[in-house]
Amino acid sequence: MDEDAITIRLTRDQAFVLSDWLYQVMFRSDDLEGIVHDRAVWSPIYAISGTLDKTLSEIFMPDYGPRLEAAKERLRSDLYGGAGELTAQGQDTTDAPQAHQIERGTAGNHGEGDQG
């Protein structure tokens with residue numbers, strides 16, 4: 001088994017937003033199995049979630065909601081140049097950044113994203 005560690009670098013906003021999303025999927029919706037069908041993937045998901053929980057003081061602050069929304073807005077602005085609302089779920093992503101196009105299958109990826 002290869003035990004070389006991999007380091008993933010995130011901004012604090014990215015880590016905070018990802019932590020919240022993971023919490024919602026793993027604990028609030030209880031739908032991790034519905035989203036991630038291969039249980040082998042759960043191991044790294046739990047490792048990332050645990051690391052974020054230990055690192056982020058924001059998750060324990062009383063103004064969690066406003067802080068989370070501000071972080072999301074900054075990330076949207078970084079990705080879309082302030083037009084984050086234009087690419088809300090279910091809307092066209094033709095002007096989305098390259099990473100988002102890859103995820104959606106519009107920039108030549110694994111062929112899994114062109115659903116819908």
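Reader: What is the volume of the second largest pocket?
Author: The second largest pocket has a volume of about 460 Å³. A pocket is found on a 1 Å grid over the protein atoms alone, as an open set of points where a 1.4 Å probe fits, with protein on both sides within 12 Å along at least five of seven lines. Grid points are joined across faces, edges and corners, and the volume is the space filled by probe spheres set on the points.

Reader: Before we continue, what kind of model is this?
Author: This is a predicted model, in which local features need pLDDT of at least 70 and side-chain atom pairs count only at pLDDT 80 or more, while totals for chains, interfaces and linings use all residues. Residues are numbered from 1 along each chain as its sequence is written, and side-chain values use heavy atoms, with hydrogens and water left out.

Reader: Thank you. Which residues lie nearest the centre of that second largest pocket?
Author: Ile6, Ile8, Ala47, Ile48 and Thr51 lie nearest its centre, out of 15 lining residues; a lining residue has an atom within 4 Å of a point. The largest share of the lining, 6 residues, is supplied by α3.

Reader: How many helices and strands are there?
Author: The protein has 5 helices and 0 strands.

Reader: How far does α1 reach from its first C-alpha to its last?
Author: With its 17 residues, α1 reaches 22 Å, close to the 24 Å expected at 1.5 Å a residue. The expected span is 1.5 Å times one less than the number of residues.

Reader: Which residues of α1 are buried?
Author: They are Asp13, Ala15, Phe16, Val17, Ser19, Asp20, Leu22, Val25 and Met26. Buried means under 20% relative accessible area, exposed means over 50%, and partly exposed lies in between (1.4 Å probe, protein chains only). These buried residues of α1 pack against α2 (32-35), α3 and α4.

Reader: What about the largest nonpolar core: how many residues has it?
Author: It has 15 residues, and Leu32 and Ile45 have the most contacts inside it. The elements giving two or more residues to this core are α1 (12-28), α3 (42-55) and α4 (64-80), and α1 gives the largest share, 6 residues. Such a core is a set of buried Ala, Val, Leu, Ile, Met, Phe, Trp, Tyr and Cys residues joined through side-chain atoms within 4.5 Å.

Reader: What does Ile45 contact, leaving aside its neighbours within four places in sequence?
Author: With those neighbours set aside, Ile45 is in contact with Leu22, Met26, Leu32 and Val36; contact means heavy atoms within 4.5 Å.

Reader: A change of topic: where is Leu56 placed?
Author: Leu56 is in the loop between α3 and α4. Leu56 counts as buried because its relative accessibility is 3%. Beyond its neighbours within four places in sequence, Leu56 is in contact with Arg12, Ala15, Phe16 and Ser19. Leu56 and Ala15 are 41 residues apart along the chain, and their C-alpha atoms are separated by 7.9 Å.

Reader: And is Glu58 buried or exposed?
Author: Glu58 is buried, with a relative accessible area of 9%. Glu58 is found in the loop between α3 and α4. Apart from its neighbours within four places in sequence, Glu58 is in contact with Arg12, Phe16, Tyr64 and Arg67.

Notes: Helix = DSSP H or I, 4+ residues; strand = E, 2+ residues; numbered from the N terminus.
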